[in-house]
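Hello,

Please find the structure below.

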Amino acid sequence: MTVNEIIFEIVVFLSNIIQCVTGFAGTVLAMPFSVMLVGYTSAKPILNVLGIAASAGVLLQCRKSVNKKELLKIILVMLAGIIAGTFLSPYLAGSAYVTYKILGATVIIFSLVNGYRFIKKKDGASLNTFSQYAVLAAAGVVHGAFVCGGPLLVTYASMKLRDTQEFRATLSAVWIVLNTAILFSDISSGYFTAKVTAMLAVSLAVLVLAVLLGNYIGKKLSKNAFLALTYILMLISGISLLVK
(Lines give C-alpha, C1' and ligand atoms only; values in the text may rest on other atoms or scores of the structure.)
Protein backbone atom coordinates (compact mmCIF):
# COMPACT_ATOMS: atom_id res chain seq x y z
CA MET A 1 0.00 0.00 0.00
CA THR A 2 1.12 3.55 -0.68
CA VAL A 3 1.31 6.22 1.99
CA ASN A 4 -1.85 7.86 0.63
CA GLU A 5 -3.75 4.57 0.78
CA ILE A 6 -2.69 4.01 4.40
CA ILE A 7 -3.84 7.52 5.32
CA PHE A 8 -7.09 6.83 3.45
CA GLU A 9 -7.74 3.79 5.66
CA ILE A 10 -7.09 5.94 8.73
CA VAL A 11 -9.68 8.41 7.43
CA VAL A 12 -12.13 5.53 6.91
CA PHE A 13 -11.50 4.36 10.46
CA LEU A 14 -11.92 7.75 12.14
CA SER A 15 -14.91 8.87 10.04
CA ASN A 16 -16.82 5.66 10.74
CA ILE A 17 -16.22 6.00 14.47
CA ILE A 18 -17.93 9.39 14.19
CA GLN A 19 -20.63 7.80 12.00
CA CYS A 20 -21.47 5.37 14.80
CA VAL A 21 -21.82 8.19 17.32
CA THR A 22 -23.64 10.82 15.22
CA GLY A 23 -25.53 8.51 12.88
CA PHE A 24 -24.92 10.36 9.63
CA ALA A 25 -21.61 12.21 9.26
CA GLY A 26 -19.19 9.46 8.25
CA THR A 27 -19.18 9.74 4.46
CA VAL A 28 -19.54 13.50 4.20
CA LEU A 29 -16.57 13.85 6.54
CA ALA A 30 -14.46 11.21 4.77
CA MET A 31 -15.19 12.17 1.16
CA PRO A 32 -13.16 15.40 0.86
CA PHE A 33 -10.00 13.86 2.33
CA SER A 34 -10.53 10.61 0.42
CA VAL A 35 -10.84 12.37 -2.93
CA MET A 36 -7.54 14.13 -2.30
CA LEU A 37 -5.81 10.93 -1.13
CA VAL A 38 -6.96 8.28 -3.62
CA GLY A 39 -8.98 10.15 -6.25
CA TYR A 40 -12.69 10.49 -6.98
CA THR A 41 -13.07 7.22 -8.92
CA SER A 42 -11.64 5.23 -6.00
CA ALA A 43 -13.14 7.17 -3.08
CA LYS A 44 -16.73 7.27 -4.33
CA PRO A 45 -17.32 3.52 -4.89
CA ILE A 46 -15.46 2.45 -1.74
CA LEU A 47 -17.24 4.89 0.58
CA ASN A 48 -20.55 3.96 -1.03
CA VAL A 49 -20.09 0.25 -0.23
CA LEU A 50 -18.94 1.10 3.30
CA GLY A 51 -22.12 3.14 3.70
CA ILE A 52 -24.21 0.09 2.77
CA ALA A 53 -22.32 -2.13 5.21
CA ALA A 54 -22.51 0.34 8.11
CA SER A 55 -26.24 0.96 7.53
CA ALA A 56 -26.96 -2.76 7.40
CA GLY A 57 -25.33 -3.13 10.80
CA VAL A 58 -27.57 -0.45 12.29
CA LEU A 59 -30.72 -1.78 10.61
CA LEU A 60 -30.18 -5.28 11.97
CA GLN A 61 -30.38 -3.85 15.48
CA CYS A 62 -33.52 -1.71 15.07
CA ARG A 63 -35.33 -2.88 11.91
CA LYS A 64 -38.74 -2.92 13.65
CA SER A 65 -38.53 0.86 14.13
CA VAL A 66 -38.50 1.72 10.40
CA ASN A 67 -41.15 4.29 9.40
CA LYS A 68 -42.27 2.66 6.15
CA LYS A 69 -44.33 5.63 4.94
CA GLU A 70 -41.45 8.09 5.28
CA LEU A 71 -39.00 5.52 3.92
CA LEU A 72 -40.97 5.21 0.67
CA LYS A 73 -41.34 8.98 0.32
CA ILE A 74 -37.64 9.66 0.92
CA ILE A 75 -36.50 6.96 -1.49
CA LEU A 76 -38.78 8.09 -4.34
CA VAL A 77 -37.84 11.78 -4.08
CA MET A 78 -34.12 11.23 -3.49
CA LEU A 79 -33.90 8.63 -6.25
CA ALA A 80 -34.86 11.28 -8.79
CA GLY A 81 -32.06 13.50 -7.48
CA ILE A 82 -29.61 10.60 -7.44
CA ILE A 83 -30.23 9.98 -11.14
CA ALA A 84 -29.22 13.58 -11.82
CA GLY A 85 -26.20 13.35 -9.51
CA THR A 86 -25.06 10.07 -11.07
CA PHE A 87 -25.30 11.67 -14.52
CA LEU A 88 -22.83 14.32 -13.31
CA SER A 89 -20.36 11.76 -11.95
CA PRO A 90 -18.42 11.09 -15.20
CA TYR A 91 -17.85 14.81 -15.66
CA LEU A 92 -16.65 15.18 -12.09
CA ALA A 93 -14.34 12.17 -12.46
CA GLY A 94 -12.69 13.83 -15.47
CA SER A 95 -12.00 17.15 -13.78
CA ALA A 96 -10.30 16.91 -10.40
CA TYR A 97 -10.08 20.70 -10.00
CA VAL A 98 -13.82 21.23 -10.52
CA THR A 99 -14.63 18.25 -8.28
CA TYR A 100 -12.53 19.64 -5.42
CA LYS A 101 -14.19 23.05 -5.61
CA ILE A 102 -17.77 21.79 -5.85
CA LEU A 103 -17.32 19.24 -3.10
CA GLY A 104 -15.47 21.72 -0.90
CA ALA A 105 -18.21 24.34 -1.25
CA THR A 106 -20.91 21.71 -0.62
CA VAL A 107 -19.27 20.44 2.56
CA ILE A 108 -18.70 23.98 3.86
CA ILE A 109 -22.37 24.86 3.33
CA PHE A 110 -23.43 21.65 5.09
CA SER A 111 -21.16 22.33 8.05
CA LEU A 112 -22.26 25.95 8.48
CA VAL A 113 -26.01 25.32 8.08
CA ASN A 114 -26.11 22.24 10.28
CA GLY A 115 -23.73 23.80 12.79
CA TYR A 116 -26.05 26.81 13.07
CA ARG A 117 -29.07 24.55 13.50
CA PHE A 118 -27.19 22.56 16.14
CA ILE A 119 -26.27 25.68 18.14
CA LYS A 120 -29.78 27.13 17.87
CA LYS A 121 -31.39 23.71 18.45
CA LYS A 122 -33.57 24.13 15.38
CA ASP A 123 -35.12 21.10 13.71
CA GLY A 124 -36.34 22.79 10.53
CA ALA A 125 -40.02 22.65 11.44
CA SER A 126 -40.53 26.04 9.79
CA LEU A 127 -39.92 24.63 6.28
CA ASN A 128 -43.05 24.35 4.14
CA THR A 129 -43.96 21.23 2.18
CA PHE A 130 -42.35 22.41 -1.07
CA SER A 131 -39.10 23.26 0.73
CA GLN A 132 -39.07 19.88 2.42
CA TYR A 133 -39.30 18.09 -0.94
CA ALA A 134 -36.67 20.44 -2.39
CA VAL A 135 -34.28 19.50 0.43
CA LEU A 136 -34.86 15.81 -0.28
CA ALA A 137 -34.26 16.25 -4.01
CA ALA A 138 -31.08 18.23 -3.34
CA ALA A 139 -29.93 15.49 -0.96
CA GLY A 140 -30.39 13.02 -3.80
CA VAL A 141 -28.30 15.06 -6.25
CA VAL A 142 -25.44 15.47 -3.77
CA HIS A 143 -25.63 11.81 -2.79
CA GLY A 144 -25.59 10.64 -6.39
CA ALA A 145 -22.52 12.74 -7.18
CA PHE A 146 -20.52 12.51 -3.94
CA VAL A 147 -22.25 9.85 -1.76
CA CYS A 148 -22.63 12.42 1.03
CA GLY A 149 -26.20 13.69 0.96
CA GLY A 150 -26.61 12.76 4.63
CA PRO A 151 -26.64 16.24 6.17
CA LEU A 152 -29.44 17.39 3.85
CA LEU A 153 -31.46 14.25 4.50
CA VAL A 154 -30.96 14.76 8.24
CA THR A 155 -32.42 18.27 7.84
CA TYR A 156 -35.61 16.70 6.48
CA ALA A 157 -35.65 13.66 8.76
CA SER A 158 -35.38 15.80 11.90
CA MET A 159 -38.83 17.20 11.04
CA LYS A 160 -40.49 13.86 10.45
CA LEU A 161 -38.74 11.26 12.60
CA ARG A 162 -38.74 12.32 16.24
CA ASP A 163 -37.93 9.01 17.90
CA THR A 164 -34.20 8.21 17.97
CA GLN A 165 -34.59 4.55 17.03
CA GLU A 166 -37.07 5.39 14.26
CA PHE A 167 -34.65 8.02 12.95
CA ARG A 168 -31.65 5.66 12.88
CA ALA A 169 -33.57 2.70 11.46
CA THR A 170 -35.35 4.63 8.71
CA LEU A 171 -32.25 6.49 7.54
CA SER A 172 -30.23 3.28 7.54
CA ALA A 173 -32.86 1.64 5.35
CA VAL A 174 -32.73 4.65 3.02
CA TRP A 175 -28.95 4.39 2.61
CA ILE A 176 -29.09 0.65 1.91
CA VAL A 177 -31.61 1.11 -0.91
CA LEU A 178 -30.12 4.23 -2.48
CA ASN A 179 -26.47 3.26 -2.08
CA THR A 180 -27.23 -0.08 -3.70
CA ALA A 181 -28.60 1.79 -6.72
CA ILE A 182 -25.38 3.85 -6.82
CA LEU A 183 -23.35 0.63 -6.47
CA PHE A 184 -24.81 -0.76 -9.70
CA SER A 185 -24.08 2.55 -11.42
CA ASP A 186 -20.48 2.47 -10.19
CA ILE A 187 -20.07 -1.10 -11.43
CA SER A 188 -21.40 -0.20 -14.87
CA SER A 189 -19.06 2.82 -14.93
CA GLY A 190 -16.07 0.53 -14.41
CA TYR A 191 -15.01 2.04 -11.07
CA PHE A 192 -14.32 -1.36 -9.46
CA THR A 193 -10.88 -2.08 -10.84
CA ALA A 194 -8.64 -4.71 -9.24
CA LYS A 195 -6.92 -1.99 -7.23
CA VAL A 196 -10.17 -0.46 -5.96
CA THR A 197 -11.54 -3.90 -5.05
CA ALA A 198 -8.41 -4.68 -3.03
CA MET A 199 -8.67 -1.32 -1.23
CA LEU A 200 -12.34 -2.04 -0.52
CA ALA A 201 -11.49 -5.37 1.13
CA VAL A 202 -9.07 -3.61 3.48
CA SER A 203 -11.59 -0.84 4.15
CA LEU A 204 -14.31 -3.34 5.14
CA ALA A 205 -11.97 -4.83 7.75
CA VAL A 206 -11.19 -1.33 9.01
CA LEU A 207 -14.94 -0.59 9.11
CA VAL A 208 -15.58 -3.50 11.48
CA LEU A 209 -13.00 -2.18 13.92
CA ALA A 210 -14.40 1.36 13.63
CA VAL A 211 -17.95 0.20 14.34
CA LEU A 212 -16.88 -1.76 17.42
CA LEU A 213 -14.90 1.15 18.83
CA GLY A 214 -17.49 3.72 17.80
CA ASN A 215 -20.30 1.89 19.56
CA TYR A 216 -18.18 1.70 22.72
CA ILE A 217 -17.25 5.40 22.62
CA GLY A 218 -20.83 6.36 21.84
CA LYS A 219 -21.94 4.86 25.13
CA LYS A 220 -19.28 6.72 27.11
CA LEU A 221 -19.16 10.23 25.66
CA SER A 222 -21.63 13.00 24.86
CA LYS A 223 -23.23 12.78 21.43
CA ASN A 224 -23.52 16.59 21.34
CA ALA A 225 -19.76 16.93 21.77
CA PHE A 226 -19.17 14.63 18.81
CA LEU A 227 -21.71 16.53 16.70
CA ALA A 228 -19.91 19.79 17.42
CA LEU A 229 -16.56 18.19 16.55
CA THR A 230 -18.04 16.74 13.36
CA TYR A 231 -19.23 20.11 12.07
CA ILE A 232 -15.84 21.69 12.83
CA LEU A 233 -14.00 18.90 10.99
CA MET A 234 -16.42 19.16 8.07
CA LEU A 235 -15.68 22.88 7.80
CA ILE A 236 -11.92 22.27 7.87
CA SER A 237 -12.12 19.53 5.26
CA GLY A 238 -14.24 21.70 2.96
CA ILE A 239 -11.83 24.61 3.22
CA SER A 240 -8.90 22.28 2.50
CA LEU A 241 -10.54 21.34 -0.80
CA LEU A 242 -11.18 24.94 -1.81
CA VAL A 243 -7.54 25.96 -1.27
CA LYS A 244 -6.07 22.79 -2.86
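**What was found**

Searching the whole structure turns up 1 aromatic pair. Here the rings of Phe, Tyr and Trp (its six-membered ring) pair if their centres lie within 6.5 Å; planes under 30 degrees apart are stacked, over 60 edge-to-face, and the rest tilted. Tyr 40 and Phe 146 form the pair, which is edge-to-face, with 6.4 Å centre to centre and 85 degrees between the planes. Tyr 40 belongs to helix α3 and Phe 146 to helix α6 (residues 129-146), so the pair ties together parts that lie 106 residues apart in sequence. Helices (H or I, at least four residues) and strands (E, at least two) are DSSP runs, numbered from the N terminus. Tyr 40 and Phe 146 are both buried, where buried means under 20% relative accessible area, exposed over 50%, and partly exposed in between (1.4 Å probe, protein chains only).

Before going on, a note on the source: this is a predicted model, in which local features need pLDDT of at least 70 and side-chain atom pairs count only at pLDDT 80 or more, while totals for chains, interfaces and linings use all residues. Residues are numbered from 1 along each chain as its sequence is written, and side-chain values use heavy atoms, with hydrogens and water left out.

**Helix α6**

α6 has 18 residues and spans 26 Å from its first C-alpha to its last, close to the 26 Å expected at 1.5 Å a residue (the expected span is 1.5 Å times one less than the number of residues). Its buried residues include Gln 132, Leu 136, His 143 and Phe 146. At the N-terminal end, Asn 128 caps α6, with a side-chain oxygen 3.3 Å from the backbone nitrogen of Phe 130. Just after α6, Val 147 has a positive phi of about 60 degrees.

**The nonpolar core**

A nonpolar core is a set of buried Ala, Val, Leu, Ile, Met, Phe, Trp, Tyr and Cys residues joined through side-chain atoms within 4.5 Å. The largest one holds 67 residues, and Phe 146 and Leu 171 are among those that touch the most other members. Helix α3 (residues 40-62) gives the most to this core, with 11 residues. Leaving out residues up to four places away in sequence, Leu 171 touches Leu 153, Val 154, Ala 157 and Leu 161; contact means heavy atoms within 4.5 Å.

**Salt bridges**

How many salt bridges are there? The count comes to 3, a salt bridge being a side-chain nitrogen of Lys or Arg within 4 Å of a carboxyl oxygen of Asp or Glu.

- Lys 44 and Asp 186 form a salt bridge, with their closest N and O atoms 2.7 Å apart. Lys 44 is in helix α3 and Asp 186 in helix α8 (residues 164-188), so this pair ties together parts 142 residues apart in sequence. Both residues, Lys 44 and Asp 186, are buried.
- Glu 5 and Lys 195 meet at 3.5 Å, N to O. This pair links distant parts of the chain, helix α1 (residues 3-22) and helix α9 (residues 194-220). Glu 5 counts as buried because its relative accessibility is 10%, whereas Lys 195, at 52%, counts as exposed.
- Lys 73 and Glu 70 have their closest N and O atoms 3.4 Å apart. Both lie in helix α4 (residues 68-93), 3 residues apart, about one turn of the helix.

Regards

How values were computed. Polar contact = N/O pair within 3.5 Å; in protein donor to acceptor, adjacent residues only side chain to side chain.
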